[in-house]
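The following paragraphs lead from the arrangement of the domains to the ligand site and then to the charged pairs. Please consult the sequence and the structure alongside the text.

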Amino acid sequence: MKVVSVVGTRPQFVKVAPVSNALRGRGIHHLIVHTGQHYDPLLSQAFFDDLAIPPPLVNLGVGSASHPVQTAAILAGVAEVLAAERPDWVLVYGDTNSALGAALAAAQLRFPSAHLEAGLRSGDRRMPEERNRVVADHLCDLLLAPSQAAVRNLGAEGLAARTVLTGDVMADALAAMRARQAADPPALPAALRDGPFLLATLHRAETTDDPQRLAAILAGLAASPLPVKLLTHPRLADRAARSGLPLEAGAVQPMGPLPYPVMIAALQASRGLVTDSGGLQKEALLLGVPCTTVRPVTEWPETLDAGWNVLVGDPAGLAAALSRPRPAGDPPQPYGDGRAADRIAARLAGQRPVTGAPA
Ligand code: UD1
């Protein structure tokens, strides 16, 4: 049994870590193909090192380009690897161009394919991620749904027969990191040790590539009563510079992206998160950190239920969202029991799955 995982971006490296462990634990031959969509060491190699992910079989080195050019390079590169390796399963992750290109390569060459993080829908078809995830779901043979809402979305599109509820592998990765950090807490950078702070990340095209919207969000952050540590993705740095928008203003203190273990520790140490990321909304919920999502919609609706996550579509609403009280009680845990990756490995191998509650 041979499984090929195709990954290429920061969140996909987090997801492949527990999957790689689970596949190895069940004696399955697992190969990782890195598309090279992310290539900065802080967005790529640091994750392989920190999460002890086995080195990829190949890095296709596609790099940055327009969506069509990047996706086409991924399609062609992945197809060549699949033709040579002839895997039993191709595993694609999430909603990036790497996921779309790999799903298309597997479909066109008729290799069985599984989509991890299937069934998420924001309903916002302007986002490349929404288009990518819809197409990947309809192309893939097996749909690995992280949540009950994802299962319902797939059913509504006629895909129930291919759907399995597994829980969320990012919850697995987070649980493993928390266990590791309980024994060996990582040091926070000095910039995060000087008093209470909010963490912020902005990288979506809908945020960064619209200068007016970006300016309004940055102004909202600048007016925050607490310092805002803005972890700067290369896309944000690039687009802000091109639009002539300084990142350092008012409460905002920009700093570079953090390695995964430090990110988790920083999130736990923060008073709250402001983000347009998908994965961080979940991580904040699971860690009990109030999150403000600067988007009109989310593909993770469970995060909204008890008020731990609030959507701010119009940046004018940021001030009110940042001063809201912390929700009472413990946050819900809708993303499974930390054993999603093993359920996925069992399903691919045709073995008995673990018992427990996938979501
Ligand atoms: C991609 C995913 C997004 C995911 C995000 C995680 C798509 C369509 N989007 O967005 O879903 O949430 O990764 O970070 O696949 N750049 C660098 N160094 C890098 C990578 C990118 O400088 O290592 C810069 C380049 O200017 C590039 C821009 O970031 O043009 C955008 O990179 P790209 O990979 O196209 O998308 P992300 O915004 O990272």
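**Domains, interface and ligand**

The centres of domain 1 and domain 2, taken over C-alpha atoms, are separated by 26 Å. Domain 1 comprises 2-168 + 336-349 and domain 2 comprises 186-322; these bounds come from an automatic or database domain assignment. This is a predicted model, in which local features need pLDDT of at least 70 and side-chain atom pairs count only at pLDDT 80 or more, while totals for chains, interfaces and linings use all residues. Residues are numbered from 1 along each chain as its sequence is written, and side-chain values use heavy atoms, with hydrogens and water left out.

Across the interface, 23 residues of domain 1 are in contact with 18 residues of domain 2, contact meaning heavy atoms within 4.5 Å. About 1,700 Å² is buried between the two domains, and carbon and sulfur atoms give 63% of that area. Buried area here is the accessible area (1.4 Å probe) that two parts lose on being put together, summed over both.

Four salt bridges are counted between domain 1 and domain 2, a salt bridge being a side-chain nitrogen of Lys or Arg within 4 Å of a carboxyl oxygen of Asp or Glu. The side chains of R204 and E129 form a salt bridge with an N to O distance of 3.2 Å. On the side of domain 1 that touches domain 2, α1 (10-25), α2 (45-50) and α5 (128-139) each supply at least two residues. The largest share, three residues, comes from α5. Helices are DSSP runs (H or I, at least four residues) and strands likewise (E, at least two), numbered from the N terminus.

Which residues are closest to the ligand? They are Q37, H38, Y39, N97 and E129, among 19 residues that surround the ligand, with a heavy atom within 4 Å as the criterion. A backbone N or O atom of N97 lies 2.9 Å from a ligand oxygen atom. H203 places a polar side-chain atom 2.9 Å from an oxygen atom of the ligand, and for an N or O atom in the side chain of R235 the distance to a ligand oxygen is 3.0 Å.

The structure as a whole holds 20 salt bridges.

How values were computed: Polar contact = N/O pair within 3.5 Å; in protein donor to acceptor, adjacent residues only side chain to side chain.
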